[in-house]
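I opened the model today to look up how its parts meet, and I kept the entries in the order in which I checked them.

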Amino acid sequence: MTDTTNNEVIISCKNVHKWYDEFHVLRGINMEVRKGEVIVIFGPSGSGKSTFIRTLNRLEEHQEGDIIVDGIELFHDVRNIEKIRTETGMVFQQFNLFPHLTVLKNITLAPIWVRKWPKDKAEKVAMELLERVGIPEQAEKFPGNLSGGQQQRVAIARALAMQPQIMLFDEPTSALDPEMIKEVLDVMIELAKSGMTMLVVTHEMGFARAVADRMYFFDEGLIVESGSPNDIFHNPQEDRTKLFLSQILHH
Amino acid sequence: MAATEIVQEIKRPPQPPGPIKWMRDNLFNGWGNTLLTLVLLPFAAYVMFSSIRWMFVDADWQVVTNFPLLYAVGQYPRDQLWRVGVGLSLILFLMGASWGKWGGLLRSIAIAFAILFAVFALLPVHHPEFDLGMRLYLGANALLVLAGYFIGRIQSLKASYIVIGWAITPIVTIIFLSGFENSATLPAVGTTLWGGLLVTFLLAAGGIVLSFPIGIALALGRRSSLPVVSAFSTIFIETIRGVPLITILFMFSIILALFLPSESRIDRLLRALMAVTVFSAAYSAENVRGGLQAVPPGQIEAAKAVGMSNFQTMVFITMPQALRAVLPAIVGQFISLFKDTTLVVIVGINDFLGIGRSIINSDPAFMQLQIEVYLFIAVVYWIFCYLMSIASRRLEAMMGVSTRL
């Protein structure tokens, strides 16, 4: 999207491996992400793409290889893990809003208790973010009273409230009805254009075409192919990529 | 356009007509049900008529009406009764203040108690203990709830004051009830003299308030990743749950006394309270653990993803949702704890039921009046249990607003 070649590397993964018991989910992932880049990760289910972005904020632990996020290496070190998590916002497929808290409290909870902001400041920032995602009037409602698209936009606002360096999206539109996908994607496109570093696991190829700097095709725990959206869509090198793209594009 | 017109033209179907239709639908649909109705209706009428006649004509309620204070406080010295009154009034006042401050469910609870005391004050009982002074005190308690309400409504009054009030009231009440050695104003009153509803409420309220946090701690302990903690919690919970309450009561009242040196004797009532607490804590723990398991893992991931620590996640995300999920079970358990306190009779404590038994045994003439005594006791237990269950249902409905996802 933007020219990011001169920016610093913010995420660096070298030869990342992960096993679930005997099952080898990630089989040596290498990736470098620069500040401000928008990365789209796609691939068939079970390819390890969700697992991979969850290792970046250590919701999953990797067993081999190095992951460095914002200059901090991810190890068995609790303080670093929480530091990383305040720098990386995450948006989940199932929204995972806190059902017992109002929309506003969902957003202000972490800034108040983790960032130690005063309540006024947290609420002011929260309202600005709700404005940005287009639903300031829902602030006092409970998540259960919102549509899926609205809930996901609240989830994005909740992640942004921590003012993260990086945003991770784990299939953010997969649980949404078609007419709601657009409202969420619009917010994400706006975010990408504002210069946020984003890693997005998604099959929304329109989104990838519009804002992705690079795309990664995952299969069986490996990066099969990567490149600019132009390369991937018009000139894929690998047969697996071609097959997969033909399946999701002619769907 | 045409479609909406058609929709508007359709009227709501007519309401089913009154009681005759109801009877035809429910009592006389088909010859089988008609026969059943004809046989059972006279029988039901007979049972109802004879119960009412028994209640108002045959029954001799003197075993109830002659001992109002005995049922209320047991042998607590009559010249020291004001000390019980102080504790009671304090609680009612706080109830009113909480209603004023927070409203909601507390409103219904406070009003229920105010009505209860107004009814007490006007009970048609003729007994020297139930004199004008006593009636005035009981009536004043109803007004105290209202007074508390208006004070609670004052905006500048901080909610934390009321919380602090609730925190110190049990301590103040216990100090007032037990008093001090060699004190003229508050002479010591041994717990052997405490009894009746006073003891029942102390055991139930004490058991609930103490067992709940212990239960939460045990539930968290059982899920802990530290093997020692989780093994201890599991063994504790499973041991207590595998033993009847009576056994635990005996253990605390007899065995504990054997092991401890005689000068450090723990009070009899306190030992019973400990037994009830431990018993209830084990069950609370399992309820809370069930609730913890019901919280979707996505919730914890979301909390972690915004950088919350394990402790913060537990306090703000997991525990509130877990408790809400198992609220009915927890209230159910409190209700059964309230009823289970009757077992302390076994270790010689005169709770409400115990007082009833001792009244029956006090006079051979009363042996014929057992039904009256037990019926009265049953009704009192039923009233309080039913109030708890209404409160629980209201609480569920209130919380249900935000449960949907």
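Entry 1, between the chains. I looked up the buried area (the accessible area, with a 1.4 Å probe, that two parts lose on being put together, summed over both) and found that chain B and chain A bury about 2,100 Å² between them, with 62% of it on carbon and sulfur atoms. Taking contact as heavy atoms within 4.5 Å, I noted 22 residues of chain B against 26 residues of chain A.

Before going on, I wrote down the conventions: this is a predicted model in which local features need pLDDT of at least 70 and side-chain atom pairs count only at pLDDT 80 or more, while totals for chains, interfaces and linings use all residues. Residues are numbered from 1 along each chain as its sequence is written, chains are lettered from A and ligands numbered from 1 in the order in which they are written, and side-chain values use heavy atoms, with hydrogens and water left out.

For salt bridges (a side-chain nitrogen of Lys or Arg within 4 Å of a carboxyl oxygen of Asp or Glu), I found one across the interface of chain B and chain A, and it joins the side chains of R54(A) and E301(B) at 2.5 Å, N to O. I also counted six residue pairs in polar contact between chain B and chain A, both residues at pLDDT 80 or more; the term means a pair of N or O atoms within 3.5 Å, where within protein one must be able to donate a hydrogen and the other to accept it, and residues adjacent in sequence count only if both atoms are side-chain atoms.

The domain assignment, which is automatic or from a database, gives domain 1 (67-192) and domain 2 (195-405) of chain B. Their contact takes 17 residues from domain 1 of chain B and 21 residues from domain 2 of chain B, and I noted that the C-alpha centres of the two domains lie 23 Å apart.

Domain 1 and domain 2 of chain B bury about 1,600 Å² between them, 75% of it on carbon and sulfur atoms.
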